[in-house]
Amino acid sequence: MPRRSPARRPAAPTRQPAPTAQPRPVLWPPLLVTVAVVVAYANTFTVPFVFDDTGILESPELHALSWRTVAGSTRPLVQLSFALNWALGGAAVVGYHVVNLAIHLAASLLLYGIAARTLRRTDGAALAIALVWAVHPLQTESVTYVVQRAESLMGLCYLATLYCVVRGADAERSGAWSAAAVAACALGMLCKPVMVTAPILVLLYDRTFRTDSIADAWRKRRALYAGLFATWGILLVVLVGQEHESVATAGFAMRDVTLAEFARSQPGVILRYLFLVVAPYGLVLDYAWPPAERGLEVALPLLVLTAGIGGVLVAFRDRLWIRFLVLAFLLLLLPSSSVVPIRDLAFEHRMYLPLAPLVALLVLGVAALIARAGWPAASARRVAGGATAVVVTALVALTIARNHDYRTNVAMWTDVTAKRPRNARAWSNLAQAYMAERRVDDAAAAARTALAVDPGLAEAHVHLGHALASRGAFPEAEAAYAAALRLKPDSAEAHNNWGAALADQKRFADAEPHYVEALRLRPSYAEAHNNLGVALMQRGAFEQAIASYREATRLAPDYAEPYSNLGNLLLRQGKAADAVEQHRRALALKPASAEVHFNLAVSLAEAGRRDEARVQAAEALRLRPDLAPLVAQAGLASGA
């Protein structure tokens with residue numbers, strides 16, 4: 001049989017033992033990647049903070065640039081980025097999404113650069129790899145869910161490390177690129193411990209595409225590898241010898257999930273990840289994946305996974321690039337799906353980087369099938385380009401749809417509970433989201449569903465208590481808070497909400513100890529500081545109340561209530577001008593609040609600015625006509 005012409009050979013990377021001239025770069029592929037990413041994530045800029053994102057709002061160390069911002073964190077660079085976001089825009093969520101999207105876009109462009117320089121003659125395949133990876137719906141959790149910037153920023157540093165290594169191999173003077181690779185790797189170690197595998201993957205890449213053996217790779221670039229492996233020291237310093245936030249959720253000291261439970265559950269979790277790669281439907285923010293218990297739950301996924309991966313490695317043992325991509329997937333997933341237990345068994349953001357080698361494997365596999373079909377080169381390119389366009393368009397549409405699920409907290413948790421109805425935490429979070437929208441009956445129902453699934457979930461008792469108190473069912477609400485504290489004695493939220501329920505009954509003296517305890521448990525709890533201020537003001541402790549209000553505004557500058565309450569207190573002290581200033585600050589944060597408009601009107605009137613006061617009173621009446629008696633009593637009705 002005649003041999004195929006070079007144009008018809010399957011596109012596959014080949015080992016390049018020496019630097020060669022690269023083709024002149026073209027701008028349209030990076031531009032196309034940029035457009036695709038922006039289109040896919042254009043509906044995310046107003047997505048609210050969800051789930052653990054609230055930690056950004058509740059952590060005072062992220063609201064000022066200081067040593068406290070990074071102290072005791074396994075992700076200091078991520079913490080620093082959040083603090084910079086806060087410094088530039090406070091709690092305005094759009095800035096956080098802009099940064100997350102910029103990180104993901106930069107990572108996508110780096111992936112294109114790595115693929116293009118590795119494949120060399122198959123720029124179309126490199127572009128397809130970058131596009132599919134960039135707009136795949138599985139990435140939404142790492143991009144749209146703000147706090148998972150830890151994953152995407154680490155991924156950016158990981159890809160930057162590999163990109164610099166690849167560029168260094170092609171450069172006549174590689175020292176600057178090697179130094180940049182080490183610097184990127186060091187920064188990645190400050191983002192997330194998953195970066196630990198980067199030096200190993202770089203060595204594996206060189207072994208596959210650049211040299212004949214690991215020993216040869218080490219000999220040729222000893223200084224580079226020494227620098228990369230030295231960055232493990234950074235991770236060691238971050239993880240060892242100090243208390244950090246990951247102790248409670250990961251590692252052998254963590255008690256929520258045992259080592260055995262975690263290890264036997266991961267084959268099933270990984271199969272779920274692999275399914276989502278090829279069929280990205282049914283994405284879930286919070287799986288609450290139960291540990292595998294029965295023999296078949298453990299054995300069947302393990303058998304399928306072992307047979308599949310082992311079969312590929314054996315069948316293609318002579319195809320080094322296939323072996324590299326499979327091993328790269330396993331290596332990238334190893335830190336979060338190994339024998340080091342993590343409380344949450346499954347989270348989709350853990351596939352952020354592991355998705356890349358799988359996408360490359362699929363794209364190159366399809367390219368090989370097209371090449372084997374025997375079409376002329378031009379026809380083969382058109383088929384490949386058309387297939388890429390169809391797949392990328394479909395993925396963009398799915399990503400836009402998935403991002404739509406993030407539009408409100410209620411929408412997201414409704415989605416989770418529909419897909420994981422046995423997830424008590426999701427029902428509890430849905431109850432909290434309903435309460436934020438003042439949907440009290442829905443909140444109570446969601447909280448009760450959570451408790452039906454897991455009666456020991458303290459947070460669900462708290463949210464049920466909040467809903468009951470809002471209905472005026474105070475005895476039942478207090479019973480719910482008491483149940484929460486029996487289950488979780490250190491629940492600052494239970495103490496604060498119990499105090500609020502007592503305050504609603506005008507039992508301010510009974511409420512005050514609950515606020516004090518809430519602040520002992522969580523000194524940065526802005527809402528508890530505000531509530532304590534109200535209780536102190538009721539018993540005439542004005543200076544202490546002022547201090548509580550000011551602390552609340554310091555901790556949460558975008559929290560309107562303490563400004564308004566401080567304004568009311570200052571007005572009682574005869575400081576009308578100061579009261580006006582505080583009410584204006586509250587109004588800037590809650591422009592649709594009739595109560596704030598009314599309070600400002602009263603303060604303006606006391607300051608002798610009655611025309612302005614009537615304008616504010618009219619706005620209060622427009623928003624809430626039932627305030628008419630109070631407006632009339634204050635002498636601020638129209639024509640008064």
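Aspartate 170 forms a salt bridge with arginine 210, the closest N and O atoms being 3.1 Å apart. A salt bridge is defined here as a side-chain nitrogen of Lys or Arg within 4 Å of a carboxyl oxygen of Asp or Glu. The pair links distant parts of the chain. Aspartate 170 lies in helix α8, and arginine 210 in the loop between α10 and α11 (214-220), 40 residues apart. Helices (H or I, at least four residues) are DSSP runs, numbered from the N terminus. Both aspartate 170 and arginine 210 are buried. Buried means under 20% relative accessible area, exposed over 50%, and partly exposed in between (1.4 Å probe, protein chains only).

The model is predicted: local features need pLDDT of at least 70, side-chain atom pairs count only at pLDDT 80 or more, and totals for chains, interfaces and linings use all residues. Residues are numbered from 1 along each chain as its sequence is written, and side-chain values use heavy atoms, with hydrogens and water left out.

Aspartate 170 also meets the side chain of arginine 117 in a salt bridge (3.6 Å, N to O). This pair, too, links distant parts of the chain: arginine 117 is in helix α5 (residues 93-119), aspartate 170 in helix α8, 53 residues apart. Arginine 117 is buried, as is aspartate 170.

Helix α8 itself (residues 149-170) has 22 residues. Its end C-alpha atoms are 31 Å apart, which agrees with the 32 Å that it should span at 1.5 Å a residue. The expected span is 1.5 Å times one less than the number of residues. Helix α8 is mostly covered, with 21 of its 22 residues buried.

The salt-bridge count comes to 29. One of the pairs lies within a single helix. The side chains of aspartate 216 and lysine 220 meet at 3.4 Å, N to O. Both residues lie in helix α11, 4 residues apart, about one turn of the helix. Aspartate 216 counts as buried, because its relative accessibility is 9%. Lysine 220 is partly exposed, with a relative accessible area of 49%. Elsewhere, Arg402, Asp405, Asp415 and Lys419 are linked in a network of salt bridges.

Polar contacts were examined next. A polar contact is a pair of N or O atoms within 3.5 Å; within protein, one must be able to donate a hydrogen and the other to accept it, and residues adjacent in sequence count only if both atoms are side-chain atoms. Threonine 208 lies in helix α10 (residues 198-209). A polar atom of the threonine 208 side chain lies 2.9 Å from the backbone oxygen of leucine 204. Threonine 208 is buried, with a relative accessible area of 7%. Histidine 349 is placed in the loop between α16 (320-333) and α17 (355-372). The side chain of histidine 349 makes a polar contact with that of glutamate 141 (2.9 Å). Histidine 349 is buried at 5% relative accessible area.

Helix α1 (residues 28-40) has 13 residues and reaches 18 Å from its first C-alpha to its last, close to the 18 Å expected at 1.5 Å a residue. Pro29, Val33, Ala36, Val37 and Ala40 of α1 are buried. They cover an arc of only 95° around the axis, so they are on the same side of α1. The arc is that of the directions from the helix axis to the C-beta atoms. Trp28 and Leu31 are exposed on the other side of α1.

Leu31 also belongs to a nonpolar surface patch of about 320 Å², made together with Val35, Val39 and Ile400. Patches consist of residues with over 30% relative accessible area and no salt bridge; like charges are joined within 9 Å, nonpolar side chains (Val, Leu, Ile, Met, Phe, Trp, Tyr) within 5 Å. Accessible areas come from the Shrake-Rupley method with a 1.4 Å probe; for residues, only the protein chains shown count as cover. Helix α1 gives the most to the patch, with 3 residues. Valine 39 is in helix α1 and counts as partly exposed at 42% relative accessibility.

Two C-alpha separations complete the description. Glycine 95 and asparagine 85 are 10 residues apart in sequence and 6.5 Å apart in space. Glycine 95 is in helix α5 and counts as partly exposed at 26% relative accessibility. Alanine 594 and tyrosine 287 are 307 residues apart along the chain, and their C-alpha atoms are separated by 40 Å. Alanine 594 is found in helix α30 (residues 594-606) and is buried, with a relative accessible area of 2%.

Technical notes
Helices (H or I, at least four residues) and strands (E, at least two) are DSSP runs, numbered from the N terminus.
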